[in-house]
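The entries follow the order in which I worked.

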Amino acid sequence: MRHGGVTKFSSQNLFGPIIIISALTFFVGRTSASLQLITQFTLCYFMMVLALQVFVGNSGVLSFGHGSFALIGSYISGMLTAPINIKGHALAMNQLWQALVPLHTNIYLALLISAIVSALFAALTGSLLMRLSGLSAGIATFALLGVTYNVFFNNKRIGPGSQALPAVPTISNTYILLLLAVLAIIIVYLFNISHTGRTLRATREDAMAAPALGINIYKVRLIAFTLSGFLAGLSGGMYVHVAGTFQVQDYYLEFTFLTLSMLIVGGSASLWGALLGTIVISAIGQLLLMMEQDLPIFGIHVHIPLGSRAVIIAVAFVAMLLWRSSGIVNGKEFAIPAFWRK
Amino acid sequence: MALLEVSNLVAGYGKVQVISDVSFSLEPGKSIGIVGPNGVGKSTLLLTIAGAISPKAGSIKLDSTNIFGMRPEDIVRLGLSLVPEGRQIFSGLTVKENLSLGLTGRRDKKGSHEAVARMHELFPVLSTHEHHQAGMLSGGQQQQLAIARALISDPKVLLLDEPSLGLAPTVIADVFERLREIIQMGTAVVIVEQRANLVTSFADETIVIRDGKIQSRLTPADASNSDSLNRSYFGAGD
Amino acid sequence: MIQSILDAISLGGLYSLAALGLGLVFGVMRLVNFAHGELITIAAYTLVLTTQFPLLLSLVLTICVTAFVALIMEFAIYRRLRGVNPAIMLVASFGLSTVLQRIYEFTFGALPKSAVVAPSLSGVVKFSGLSITISSLITIVLAVVILLAMGYLVERTSLGLQLRAASADFRTARLLGVRSNRLISSAFVLSGVLASFVAFILVIQNPVVNPYYGLNITILALVGIVIGGISSLRGAALGGFIVGVILSGLNTVLGNGRVYSYTWLFITVLIILLVRPGGLLSKGSELERV
């Protein structure tokens, strides 16, 4: 049973997730350098999951195409910040595109620009795609991902093609990424409780009744899609500045499936679901990784065979869906458990 | 023992409870009408009895067999068929194919040929349009096909959901004439209808449902008494 | 030139079979079985690992194994997901697909398995000055035979009638007595059989089997059923055929630019979906039954 979602501002719904993500970033990041890096990547994934929540969660329309926005965001941010001589090597000799090489700016401006360009791209593609629903939308957005990936993978004139673009400057301070994530949480929350957000959710529940209520389904979906494109582009930008290199393959099928799973396992109907899903899947993945390398728990060495981690994650995912198809949080936003509130 | 015995039935979708307490019993060769305001849950009631929707509480017995919670494909084989609202014929399939599908639920597969012949007799339109696509028939013809399709499985109880929907008055009269023949041949019938007058004068007993419960029970005598009809529909002093 | 046309038709036939396999399950369950690719993969593994047996035995064994895996999929996973939101089902099938890929990796190893299957079927036949690959001919013949057989099954048997009815309106079909569990299991078994034949055709030309063998063709088959028209089996077969022909045509026409054939294919798909959201065989702006 899907819930309509929150309709009025509630501080625990908003600050709960903010506090939790901040606390986790602080504590986990301190334990070790490798966990620090994992945390950074997780924040990037979370940004994407938020992007998906804004669109998929509110509209009920599945999109496999968001990887293309992340790809574009990451490409632009990477290209704008990579050292000029590296870029010159990465792009094939071609006068038009070589003009791009000297364009250079700092990381933060690059992130903003890449998010905006992604949003524009989303608005453009969305203007065509938002007429579709259900499976057609899923396939069409998948086709979008396919086209974007195929073009960037094979075209050495606009980008590095199948090679990686190295030496992209990194953001070493995790708290900057955290700040971006928190800002995104606030934006997503405000959108979800806004009139547009509520209207969009109404179309999710009953697409046939909506026009009778004077709702322009196309318009509200397009708005959400554009916002979602902005956040997805931002997630790509963040990712390239954590990875330090731009690779087209990073934003394709595995990325798409991973982020969609995070959203669905947590529960696509709410912000809290998006966060919880990201945390759960990242945590389980990390735990299993450590178990592959022999993890001591209370003195017992737990070891799982190499390669089984991937099987276990996939099995757990399917099992999770069988158990609770609407996600762990079942559509609810964050709330302090009743007995604590007293 | 009644042929169909529904007791304190609670039914609905998910968390929504549409029917909160309905009871009635049906004897062989008898008919019951069910009326009530739009959206009150009459279709839900029939779909639940036929097994398409899981019942929440209460009991449903067909010829002393407990069918509560059974799957629709099993209930059909025990002798209860539903003609759904809107007829729901398979418009892409031919008339003959639609009818053959009805045979799937027959207990006695050997009598299939005779059953088909009987349906053709009862509803000649089936012969004339045998190989036409069912979607090309008129509303009245589709209704006949839908009834034949449900009837061909030889049910003891036939449920009909708004058989008059979208049909012209002369056609409706025709359909109800055939229903009378079916009842005379021994099948017990439950008819859900929007047109209260129509079914109240037709059925042996008519129950009025309001707010998920039975409001009142009417007899054909009440059909001509518009006062009591209105009262039961809209409630006294509302 | 003739070879190109034959290639296009044979690829179309192959994808048509793949799409039909997906379409059967989609019709009765409104489920897009991403894991269909894994059925193709296990069939391919079986074929490649049983080359010491006579071809016919190998094929029969493959069909049995694949159908069995398909039944397990249905019983263990999909049965519990009936009636759930289609988006969830889609993602779950993606998850199942990943699970199976990992299991294959675990069982067979990440390195590919390879063996020559039916060596008599690779190679060319010479024909009034032209040289035509036997495999393309075999593919076309096999595809035609199977499509005709499926057509017969769907149009003229009682099982086929029940499948068509259930695809149109599952609830009413059940109200008439169609046994849902049996029907859905039948659909899965049939899809497994089709997957076996798809694998057979693939393995003749490419006997190098890895855990991701069936992934590519499944994605394209999925594209095929959507553009052909998700609400009918004929649409599925047609859509698959079109995807195959277009892809083959693009590969031929584009020459060096053939790396972009997927781009053009997907653009075509987008155009088709925007003009006819329900697929080519649908009636224009048919409201999605998903």
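**Entry 1**

I began with Asn8(B), which I found in strand β1 of chain B, covering residues 4-13. I kept in mind from the start that the model is predicted. Asn8(B) is not a glycine, and yet its phi is positive, at about 45°.

I looked next at Ser64(B), which sits in the loop between β4 (57-62) and β5 (65-66) of chain B. Ser64(B) also is not a glycine and has a positive phi, of about 70°. Ser64(B) has 9 C-beta neighbours inside 10 Å, and therefore it counts as exposed.

**Entry 2: Chain A as a whole**

I noted 14 helices and 2 strands in chain A. Chain A has 342 residues, of which 50% are buried. I also looked up how far apart in sequence the contacting residues are. Of the contacts in chain A with a separation of 6 or more, 80% are between residues 24 or more positions apart.

Leu37(A) has 14 C-beta neighbours inside 10 Å, so it counts as partly exposed. I recorded that Leu37(A) and Ser172(A) are 135 residues apart along the chain, while their C-alpha atoms are separated by 9.0 Å.

**Entry 3: A helix pair in chain A**

I turned to the packing of helices. Two packed helices are described by the angle between their axes and by the distance between those axes. For helix α11 (residues 253-266) and helix α12 (residues 271-292) of chain A, the axes come within 7 Å and cross at roughly 115°. The crossing of α11(A) and α12(A) is right-handed. On the side of α11(A), the contact includes Met262(A), Leu263(A) and Val265(A), and on the side of α12(A) it includes Leu275(A), Leu276(A) and Ile281(A). I asked how the residues of the contact of α11(A) with α12(A) divide by class. They comprise 8 nonpolar, 5 polar and no charged residues.

**Entry 4: Helices of chain C**

I checked the length of helix α10 (residues 233-254) of chain C. At 1.5 Å a residue, its 22 residues should span 32 Å, and its end C-alpha atoms are 31 Å apart, so the two values agree. Gly255(C) follows α10(C) and has a positive phi, near 55°.

I then paired α10(C) with helix α1 (residues 2-29) of chain C: their axes come within 6 Å and cross at roughly 145°. This crossing of α1(C) and α10(C) is right-handed too. The contact of α1(C) with α10(C) is made up of 16 nonpolar, 12 polar and 1 charged residues.

Helix α2 (residues 36-49) of chain C has 14 residues and reaches 20 Å from its first C-alpha to its last, close to the 20 Å expected at 1.5 Å a residue. I asked how many of the residues of α2(C) are buried. The count is 13 of its 14 residues, and the helix is thus mostly covered.

**Entry 5: The nonpolar core**

I found that the largest nonpolar core has 266 residues. The residues with the most contacts inside this core are Met47(A), Ala44(C) and Val198(C). Helix α8 (residues 180-205) of chain C gives the most to the core, with 16 residues. I followed up Val198(C): leaving out residues up to four places away in sequence, it touches Leu14(C), Leu17(C), Ala18(C), Gly21(C), Ile40(C) and Ile217(C).

**Entry 6: Where chain C meets the other chains**

I recorded that 38 residues of chain C are in contact with 32 residues of chain A. On the chain C side, α4 (86-108), α9 (215-228) and α11 (261-275) each give two or more residues. The most comes from α4(C), with 15 residues. By class, this side of chain C has 30 nonpolar, 4 polar and 4 charged residues.

Lastly, 15 residues of chain C are in contact with 20 residues of chain B. Here α6 (158-168) and α7 (170-175) of chain C each supply at least two residues, and α6(C) gives the most, with 5 residues. The side of chain C that touches chain B divides into 6 nonpolar, 4 polar and 5 charged residues.

Conventions
Residues numbered from 1 in each chain as written. Chains lettered and ligands numbered in written order. Predicted model: local features only at pLDDT ≥ 70, side-chain atom pairs only at ≥ 80, totals over all residues. Helix = DSSP H or I, 4+ residues; strand = E, 2+ residues; numbered from the N terminus. Expected span 1.5 Å × (residues − 1). Axes fitted to C-alpha atoms, helices over the stretch in contact; angles between N-to-C directions. Left-handed = near helix turned anticlockwise from the far one by under 90°. Contact = placed C-beta atoms within 7 Å. Nonpolar A, V, L, I, M, F, W, Y, C, P; charged D, E, K, R; others polar. Buried ≥ 20, exposed ≤ 12 C-beta atoms within 10 Å, placed from the backbone. Core = buried A, V, L, I, M, F, W, Y, C linked by C-beta atoms within 7 Å.
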